[in-house]
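Here's a quick briefing to read with the model open beside you. Let's start with charged side chains that pair up, then move on to strands.

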Amino acid sequence: MSRPHHKRSRRPVVLGATAVAAALAGGLLIALPGGASAAPSGLADDFNGDGYRDLATGAPGAVAGAVAGGKAKAGAVVVNYGSASGVSAARHKTTSQSSSGVPGASETSDRFGTELAHGDLNHDGYGDLVVGTPQEDVGGDADGGSVTILWGGSSGLSGGTTISDPNASGHDRFGQSLAVGDFTGDGRTDLAVGSTGKDVWIFKGGFTKSGGAAGKLRFDAQIESGAYPRGAVRLAAGDFDDDGADDVVVGSSAGNFVYRGGAAGPTPQTEAGEGYAGAFAVADFDRDGHDDLVVGTDFVGVLDQTAKGGYVTVFYGGAAGVDTARSAVLSQDTAGVPGTDESDDSFGGTLAAGDVDGDRYPDLAVGAVFESIGSATHAGNVWVLRGGPSGLTGTGAQSFNQGTAGVPGANESSDLFGDAVHLADHNKDGRADLSVGAAGENSDDGAVWVLRGSTGGVTATGAVSFGASSVGIGASGNDPVFGDVMSGS
C-alpha cells in the first residue's frame, strides 16, 4: 500500500506548488496506446485491460487547471502504462479534479493523490484507482477529506465516483489511508478507508459507477483518535490465516493492529509491533500459503536499540493469523545488506513486495530517503531483500541509488530517492520491475525511475527515468513532488 503524505511533516522538506499543463484540465495529456484487448485482463493494476500492469504515481503538490487560474497544491495522479518494452514517459495519462468526469473541483491545497490504492472494484475486468484526498475541504468541514474511485476501461482511467464519508462530523482527513481486499470473504473486492478517528470503514464489493459501494461496515480500531496524525495513519490487507477473507492491518501512533476478516466485519487478532510504522508490505515471502506482514520502523525511538537508522520486521502468517512469535528483523546491520546503519537514515520508510527474479518467492524493496551518500545529504537509497523458503533474508540483497552504474541521474542533497517504491511486472516477462520515486528531485519537481527485474534480480541495465514535465506536469520551481506516492507501495 502507499503511505499517507502527512508523514512528510516529520521531515525537513519544504513543499510547494506546481503548474500542470493546460491540457490537464481535460485529463488526457497524450494519446493512449492502441489495441487494448477486447477481453480485459482482470489484473488489479491494469487500468486499460491490455494485459500489462500499469504504474500509478501521485503528484500531490501539482497545480491543476493552470490556464483557468490554477490552484496551488491541488494535486494530480499519473498512470504510466505497461507494455512489452515496460513503462515509459510517453505512455501516460494524467488526471486531476479538473479532468472531465472526475467529481469535485481542483482547489488550493486539496492535494489530490496524497494516497492511492487499486483493484477491480466493479468486477468488469479493468483495474480501478482509488484516490485519497485527506486535505480536501468538504462543504464547511476544513480538511474533511474525500475518496474518489477513478474507473478503468479500454481507454484507461475515465470518470470517477465519490465514496461519501459516513461519519463526517466524527473525524477529519477521511481517506488518509486506504486498502483494497476481500475483507468479508464473499469473493468481491472491498475498500477500507481510514481517517483521524478510530472508526475504519469497509465499503463492500459490488461497486457501481453510479451508486458506489454495495454497503458498508464500521469497526473501531484499538488506536488513538483526534488531532493529526492520529487515527488510522495507514492500512494494509492480507490473508494471514488463509481462510479466504483478507485481514486488515491498522497502523497508528499507538501501534499496529491486525483484524481478522469475515462476513460480519473485522475482529481483533493481534498487535504487530509497537509505535509508529513508516510503511507496511504484505506477501507470502516463504510460500507457505499464508501472507506475511512487514512493518517498517523508519524513525527509531530513543529507547529502541534495534538499529539506529531504521529497520523492518517481518511477522509471518500462520493458521491463527499473524504470528508475532515468529518474526525477523532486518536492517543495514543485517549480514548481506549493503551499507552502514547510521542514525536517521529512515530505512523502512517505504516498502513494496514482488518477485524480481522469477523464482516465485516475493522479494521486498526497502527505501531510506534520508540515506546520505558522500556529500549528498538525504540523497536516498533503495534495497531489494530476497524472499525464499525460510522467508526474507539479507543474503543476496541489492542496493540502488543515483550513483549506481546504469541508474540515470546523480546523487544530490534532498533528492529523497526511495520516497516511494513499487514492484510489479510491467512487461510480462515474469519478473517484477522496481519503480522508485524521488519527490525531492530537482527542487521538489520530483521524478520516477524504473529498473527491470531479471533472473539475477533487479538490474540497472536499460533503466529509464522521467520527471514531472515529461508527464505533462509543470515543474521548474513549482514543487509538484511527483513520485511522492505510488499505488501498491
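This predicted model holds eight salt bridges. Why do such contacts form at all? Side chains of opposite charge can pair when their charged atoms come close.

**Salt bridges to look up**
- R326 and D288 meet through their side chains in a salt bridge, at 3.9 Å from N to O. This pair links distant parts of the chain, 38 residues apart: R326 sits in strand β20 (residues 321-330), and D288 is in the loop between β17 (279-283) and β18 (292-297).
- R326 is partly exposed, because its relative accessible area is 33%, and with 34% D288 is partly exposed too.
- D357 makes a salt bridge with R386, and their closest N and O atoms are 3.3 Å apart. D357 lies in the loop between β21 (350-354) and β22 (363-368) while R386 is in strand β23 (residues 381-386), so the pair ties together parts that are 29 residues apart in sequence.
- Are D357 and R386 buried or exposed? Both D357 and R386 are buried.
- D429 and R431 also form a salt bridge with their side chains, at 3.5 Å from N to O. D429 counts as partly exposed, at 28% relative accessibility, and R431 does as well, at 21%.
- Some salt bridges share partners, and in this way D286, D288 and R326 are joined into one network.

- Which residues form the negative surface patch? They're E107, D137, D143 and D172.
- E107 is found in the loop between β4 (92-95) and β5 (115-119). Its relative accessible area is 34%, so E107 is partly exposed.

**Strand β15 and its neighbours**
- Strand β15 covers residues 255-260, and five of its six residues are buried, so the strand is largely enclosed by the rest of the structure.
- On one side of the pairing list is strand β14 (residues 247-252), which pairs with β15 in the antiparallel sense over five bridges. Look for V248, which stands opposite Y259 in β15.
- β14 and β15 make a hairpin, with two residues between them.
- β15 is also joined to strand β16 (residues 267-271) by four bridges, and these two run antiparallel. Here F257 has E271 in β16 as its bridge partner.
- β15 and β16 form a hairpin as well, with six residues between them. In that turn, G265 has a positive phi of about 110 degrees.
- In a regular strand the side chains alternate between the two faces of the sheet.

How values were computed
Residues numbered from 1 in each chain as written. Predicted model: local features only at pLDDT ≥ 70, side-chain atom pairs only at ≥ 80, totals over all residues. Heavy atoms only, no water. Patch = residues over 30% accessible without salt bridge, like charges linked within 9 Å, V, L, I, M, F, W, Y side chains within 5 Å. Areas by Shrake-Rupley, 256 points an atom, 1.4 Å probe, with all protein chains shown as cover. Salt bridge = Lys/Arg side-chain N within 4 Å of Asp/Glu carboxyl O. Lys, Arg positive; Asp, Glu negative; His and termini not counted. Charge placed at Lys NZ, Arg CZ, Asp CG, Glu CD. Buried < 20%, exposed > 50% of the residue type's maximum accessible area, 1.4 Å probe, protein only. Pairing = 2+ DSSP bridges.
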